[in-house]
Amino acid sequence: MLKSYLKIAWRNLRKQKVFAAVNIVGMSTALCAALLLSLTAYREWTYDNFHENGKDIYQLIGIEDTGGQVKTGSSMSKPLAVALQKEVPGVKGITFIAGYNVPVRYGANHYYLGAQMVDKDFLKMFTFPVIKGDKNSALQQLNQVVLTKRASGILFKDTDGVGKTVELNLNGKWQPFIVSAIAADIPDNSGMYFELLTRFENEPEYNTTKNDWSASNFPLFVQLEPGVSKTSFEKNMNVVVNKYYKGKIEDLQKNAGGVKNVFYLKGLPLKDFHLDADSSFYSGLNKFYPWLMIILATLIIGIAAINFINLSIARSFARSGEIGLRKSLGAQNGQLLLQFWAEAFLLCCFALVLSLGLMILLLPYYNQVFGHHIALSVFRNIWVVTGTVAGFFLITLLAGGYPAWKVARLNILQVLKGKLGMGKSSGVRNGLIVVQFMVAVVLISCTSIIWQQLNFIQSAPLGYNSSQVISIPLDNATPSDITTMKNRLAEMGEVRSVSGSMLNLGMGKDGSSGNWTRGFMYKDRHVSTQCLAVDYDYARTLDLKILSGRDFSREYGTDSSAVVINELMAKQLGVTDPVGITFRMSDDEPPVHVIGMVKDYHFESLHKKIDPLVMIMNAPLNYIFVKVETHNPVASLKKITTLWKGINELAESDPSFLDENAQRLYRQEQRFSKIFMSGAVLAVIISCMGLFAIAVLVMAHRKKEIGIRKVLGASVSGIVLLLSKDFLRLVLVAVLIATPAAWYFMHRWLEGFEYHTTIHWWVFGVAGLLAVCIAFLTVSLQSVKAALANPVNSLTRD
Amino acid sequence: MIQLQKISRHYPVGFGKNYILKDIDLTINEGEFVSIMGPSGSGKSTLLHILGLLEEPSEGQYLFEGERVDKMNEKKRTQLHRGSIGFVFQAYHLIDELTVYENIETPLLYKNIPASERKSRVADVLDRFNMVAKKDLFPNQLSGGQQQLVGIARAIVAEPRVILADEPTGNLHSDQAKVIMQLFKHLNEQDKITIVQVTHSDVNATYGNRVIQIRDGHIQP
């Protein structure tokens with residue numbers, strides 16, 4: 001019996017080529033897109049899931065709640081870790097993780113390795129298996145390092161380096177370390193990445209800050225005893241916090257406006273590290289991003305399934321004779337249902353095979369364009385396979401089952417007499433077409449608003465000169481290298497000015513970012529500000545607008561105790577002209593005096609509001625900023641890069657222009673918009689394919705009517721209009737429903753940006769018009785053909 | 001074998017009813033060859049549909065081999081379709097996607113007959129109708145008369161007790177019609193299959209042994 005069904009299905013497919021093509025092409029592209037998107041989401045959700053103690057591991061997050069403003073921070077002080085381990089019950093392991101790019105030397109060659117400086121519990125807490133050496137003794141001594149297999153291969157050209165001595169460049173000095181163990185390479189779904197582990201005590205400022213409760217520099221991780229709950233741990237932990245941070249809490253309470261719990265710690269579970277912005281291993285991905293992928297996948301599959309349903313129902317009317325006949329021969333509804341579902345299943349199977357092939361072909365391209373890392377090896381995971389198969393069955397059940405059910409229930413007599421018209425199911429059909437075009441219009445308008453926002457960000461004035469300034473990451477350069485570089489730069493003809501800073505603007509090629517937030521008391525008020533260490537001529541190099549006072553300058557001898565602030569800081573201090581006022585940023589630091597105020601500029605991403613800012617002079621620099629004036633920026637950049645690589649042999653990251661760095665901050669958004677745009681295009685194409693096929697059917701059905709109308713004197717344009725009208729009405733309804741939905745989604749999305757474009761009404765107008773035009777063109781292809789046909793042909797055939 | 005008692009069929013029209021059949025009393029015995037005749041719209045096709053359980057009567061009782069079938073549920077009705085009743089249609093209603101052989105085999109598939117027996121029964125029928133050479137052709141490769149032969153072959157392959165034929169020769173020219181009618185006569189006489197046909201043609205009616213005239217929903221005495 002099944003054989004007979006499949007035979008019929010196969011012959012039907014060959015006979016009805018347009019429908020088979022629309023269904024198979026639509027389904028397979030949709031399945032392919034959905035597979036890629038769901039695999040991406042799956043990958044994002046399964047980050048860090050290989051840690052055996054995962055459910056007991058937390059990162060500590062500090063929360064400062066001063067009335068209207070809630071700030072979270074992930075850096076903890078060193079004595080706190082000691083206190084927590086001693087005084088909080090249920091803590092099994094605790095470790096800081098300090099990430100550095102460290103130059104490592106073996107023999108004559110040196111390499112940069114991603115190092116994490118950790119406490120001795122690290123390898124027991126996290127599941128990074130040791131393949132050579134002993135996990136328990138690997139980090140007992142301060143001069144031990146653990147290398148990954150890959151790092152060992154790079155350094156020794158051999159994966160067994162246990163016992164060998166390497167040198168690490170720390171604090172500008174080469175220091176010997178012994179390789180104590182080799183760890184397996186880090187799985188690619190790990191948020192933590194290292195090539196080298198060493199003890200946290202080797203962190204350059206460890207000795208100066210080890211007893212300092214106020215120096216919070218590195219993220220802290222705990223592993224709880226099994227069975228200890230997060231809530232009880234947080235409760236016990238905050239008793240300790242209240243004990244040691246009494247002074248800070250009292251300060252904060254002064255202007256917190258009655259908020260009791262001004263400062264406390266919470267635990268962030270390991271499973272949230274990848275997608276929670278507070279985590280130190282945050283990927284930069286919005287938490288909703290994987291969900292959006294799933295939604296997009298569902299929408300695309302939905303559109304293809306709608307095509308499938310509409311076409312199957314429409315086509316089953318052409319086969320109504322067969323259905324009626326089978327019933328009169330004794331077929332039960334269930335058997336007919338099975339038959340039609342089997343046909344749908346066969347079609348979907350073709351589509352699945354095609355889509356898998358397509359996916360394998362597209363995967364490298366997809367990874368490259370959208371910056372994802374999906375490998376085909378995910379299909380080794382039984383859950384992925386089960387999920388795919390289950391999803392596929394569900395789709396065939398939905399797409400094939402509904403038409404089959406509908407067809408099986410038809411009345412025999414009507415079917416045999418051929419009384420079934422296309423009009424019979426037009427309610428459902430029209431509803432489904434409306435849904436399809438709704439989705440298409442939502443995607444089109446969202447895409448255009450996302451595009452506008454990205455444009456807005458790219459052209460928004462940042463408040464500094466981004467097109468002429470090159471930033472050079474210093475990568476462990478010695479102070480003498482930096483001085484040499486500055487002098488050599490000053491000699492270059494196109495260089496107008498040179499300065500430096502602790503933090504980059506935007507995101508440089510080294511990929512690092514950070515901020516330094518400080519709080520202190522000023523006139524009995526708690527003020528909180530970002531702090532930035534800069535070099536002389538900072539404002540001049542970046543073309544910051546000085547509103548009053550002056551920039552840091554070598555001409556004055558007292559600038560080491562001077563600060564430059566921005567407008568918002570002045571506002572916070574409550575003064576209009578801040579030049580000359582003094583304040584203390586910390587009890588053990590000398591007071592500083594304000595020498596100038598600059599106009600607010602976007603030193604962080606446009607996602608965030610501009611914060612108050614204090615610029616100081618006396619901290620180490622990590623970046624040099626060079627302002628160049630040249631007709632050939634590319635050549636200048638190249639020249640400076642070569643110069644820098646010649647001076648600092650440890651240089652790793654290339655210099656880059658600041659406008660490029662600013663763009664790099666919005667990579668996620670750019671990826672996101674690319675995916676959205678591709679999804680929108682795909683959705684529109686699949687919808688149109690469906691509309692086209694339905695139009696073919698309807699035209700075939702109305703052939704006689706068209707013939708009669710023409711004989712009676714209707715014009716071609718009149719007939720085209722008559723035939724297209726019904727479809728256009730559906731698309732218009734879809735546009736009307738889609739517009740508010742799209743507006744709402746985009747409104748929510750734009751709220752994620754502190755600086756964003758406004759939504760213009762014409763966007764929806766254009767999107768709607770576009771949808772109508774596309775639909776009209778699609779339908780016209782058929783209606784014009786039908787209208788031009790010679791009526792004699794259609795009338796004599798009956 | 002077939003007994004209709006006070007069978008009526010009507011459609012609602014406005015506030016009243018429009019009777020297509022009214023108070024039909026009819027008995028058809030096993031082995032008869034009955035022709036139902038009457039002008040267009042007289043209700044003869046409706047009567048045949050009711051006989052074939054394709055349509056339910058509005059009033060009255062229908063006994064098939066002594067069993068009430070007018071209120072039968074879907075499942076039992078399907079059993080009758082599978083086992084006892086064979087249909088022949090004016091428009092043949094062959095499945096375009098199936099070959100001659102497969103079309104004839106379809107009712108046997110629904111009766112869950114094992115493959116070997118299916119094969120021999122289809123082969124028998126093909127042989128008997130001299131269509132062995134055409135068994136792998138598709139319906140659109142056959143002439144109308146040949147298609148109707150396949151239709152009849154399909155109707156008898158399941159060995160029904162009754163064949164209901166709705167203007168079986170309506171789409172054929174007279175030579176082909178003659179062949180088909182002789183086949184019916186043969187089936188009736190040799191195989192003892194009860195045959196009920198609807199026809200316009202007086203010539204066709206002569207092949208049967210009883211004529212029922214219908215006019216305006218009533219059987220003419």
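**Close-up views of chain A**

**View 1. Contacts of Met617(A).** Beyond neighbours within four places in sequence, Met617(A) is in contact with Ala533(A), Val534(A), Phe552(A), Asp559(A), Ser560(A) and Ala562(A). In contact means that the C-beta atoms, placed from the backbone, lie within 7 Å. This is a predicted model, in which local features need pLDDT of at least 70, side-chain atom pairs count only at pLDDT 80 or more, and totals for chains, interfaces and linings use all residues. Residues are numbered from 1 along each chain as its sequence is written, while chains are lettered from A and ligands numbered from 1 in the order in which they are written.

**View 2. The setting of Met617(A).** Met617(A) sits in the loop between strand 21 (613–616) and strand 22 (623–628) of chain A. Strands (E, at least two residues) and helices (H or I, at least four) are DSSP runs, numbered from the N terminus. Is Met617(A) buried or partly exposed? Met617(A) is partly exposed, because 17 other C-beta atoms lie within 10 Å. Buried takes 20 or more such atoms, exposed 12 or fewer, and partly exposed lies in between; C-beta atoms are placed from the backbone. Asp535(A) is 82 residues away along the chain, yet its C-alpha atom is 6.0 Å from that of Met617(A).

**View 3. Two helical spans.** Residues 336–362 of chain A are 100% helix, with end C-alpha atoms 38 Å apart. Residues 727–747 of chain A are also 100% helix. Their end C-alpha atoms lie 30 Å apart. UniProt (unreviewed entry) lists both spans under "transmembrane region"; its positions use the numbering here, feature names are shortened, and annotations may be inferred rather than shown by experiment.

Methods
Two residues are in contact if their C-beta atoms, placed from the backbone, lie within 7 Å.
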